[in-house]
Amino acid sequence: MILKVEEKGEVVVIQVKEERLDAHNSGELKSQMLSLFEESKNHIVIDLQEVRFVDSSGLGALVSGFKNASARNGNLKLCGLQPQVKSMFELTRLHRVFEIFSGLEEALASF
Amino acid sequence: MKNERIEVDIKVPNQTRYLSLIGKIGEDVARTLKKYKGDREELAYHINLVLTESMTNAIRHAHEGDPTKEVHITITIEDKELCIKVYDQGQGFDISTLPVPEIRCLEEHGRGVFIIHTLMDSVSYRKFNGGHVLEMIKALQ
């Protein structure tokens, strides 16, 4: 899985450079987030701009990151959701859980 | 005019690397429908999604990740009905006992079957030829 990880001050931005976030690759995103938490990097933005398709495993990986960040007094926020991806959050009611921003700059400014 | 009939029959190894391939085939099938009056791109996405979710369940739960097994998928369009069948060679799992994820919305797992039920009109899972088949039907209006 191609992930671009970049530190912007105290926030780590993970750009998912894949068209799909599914059961095949979502475990790698989860592992990447866990290694950040081990380094006490608990403020994360996941940029999903390039993701066209997300399944329940992809959502599960994001929920895992959200729960871990919250448990460490951090936060995990999302940005760049394409319409079909956004509809998946609405279908599963997860849009009520995550803070979702249209662009990266807005997400970063919210910390 | 005669109604169109499409039948796609595929077998792939029990590996998640094939999810993308099968999902794309489902999308392409949805895009070929000449008479569908609804949002074709939305239908394509939903077919991709239910194929991905049902294959993942077969790979991980029914087949317990065994790479020597295979998943058999059929996609049939006849009259105004789209039918997807996913055959597994496993012991099966009880899809009726899975809770609705809304009441435990911060669980990592358990949304796949909910998504399938939400997007399809009829879902059944039954024994078939020593394994099981998950049958999902959607009316095409």
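This is a predicted model: local features need pLDDT of at least 70, side-chain atom pairs count only at pLDDT 80 or more; totals for chains, interfaces and linings use all residues.
Student: Why is A:Phe89 called buried?

Tutor: The relative accessible area of A:Phe89 is 0%. Buried means under 20%, so A:Phe89 is buried.

Student: What makes A:Phe66 and A:Phe98 an edge-to-face aromatic pair?

Tutor: The ring centres of A:Phe66 and A:Phe98 are 5.3 Å apart, with 65 degrees between the planes. Rings pair if their centres lie within 6.5 Å, and planes over 60 degrees apart count as edge-to-face; the pair is therefore edge-to-face. A:Phe66 lies in helix H2 of chain A and A:Phe98 in the loop between helix H3 and strand E7, 32 residues apart.

Student: What makes A:Phe66, A:Phe89 and A:Phe98 a cluster?

Tutor: Ring pairs link these three residues. Besides its pair with A:Phe66, A:Phe98 forms an edge-to-face pair with A:Phe89, at 5.7 Å centre to centre and 85 degrees between the planes.

Student: How do you know that A:Arg20 is close enough to A:Phe53 to lie over the face of the ring?

Tutor: A:Arg20 is at 4.2 Å from the ring centre of A:Phe53, and the distance limit is 6 Å. A:Lys77 likewise lies over the face of A:Phe111, at 4.3 Å from the ring centre.

Student: Why are the buried residues of H1(B) said to line one face of the helix?

Tutor: The buried residues include B:Leu19, B:Ile22, B:Gly26 and B:Val29. Seen down the axis of H1(B), the buried residues fall within an arc of 160 degrees, so they line one face. Among the elements covering them are strand E3 of chain A and helix H2 of chain B.

Terms used. Residues are numbered from 1 along each chain as its sequence is written. Chains are lettered from A and ligands numbered from 1 in the order in which they are written. Side-chain values use heavy atoms; hydrogens and water are left out. Buried means under 20% relative accessible area, exposed over 50%, partly exposed in between (1.4 Å probe, protein chains only). Helices (H or I, at least four residues) and strands (E, at least two) are DSSP runs, numbered from the N terminus. The arc is that of the directions from the helix axis to the C-beta atoms. Contact means heavy atoms within 4.5 Å. Rings of Phe, Tyr and Trp (its six-membered ring) pair if their centres lie within 6.5 Å; planes under 30 degrees apart count as stacked, over 60 as edge-to-face and the rest as tilted. A charge sits over a ring if NZ of Lys or CZ of Arg is within 6 Å of the ring centre and within 35 degrees of the ring normal.
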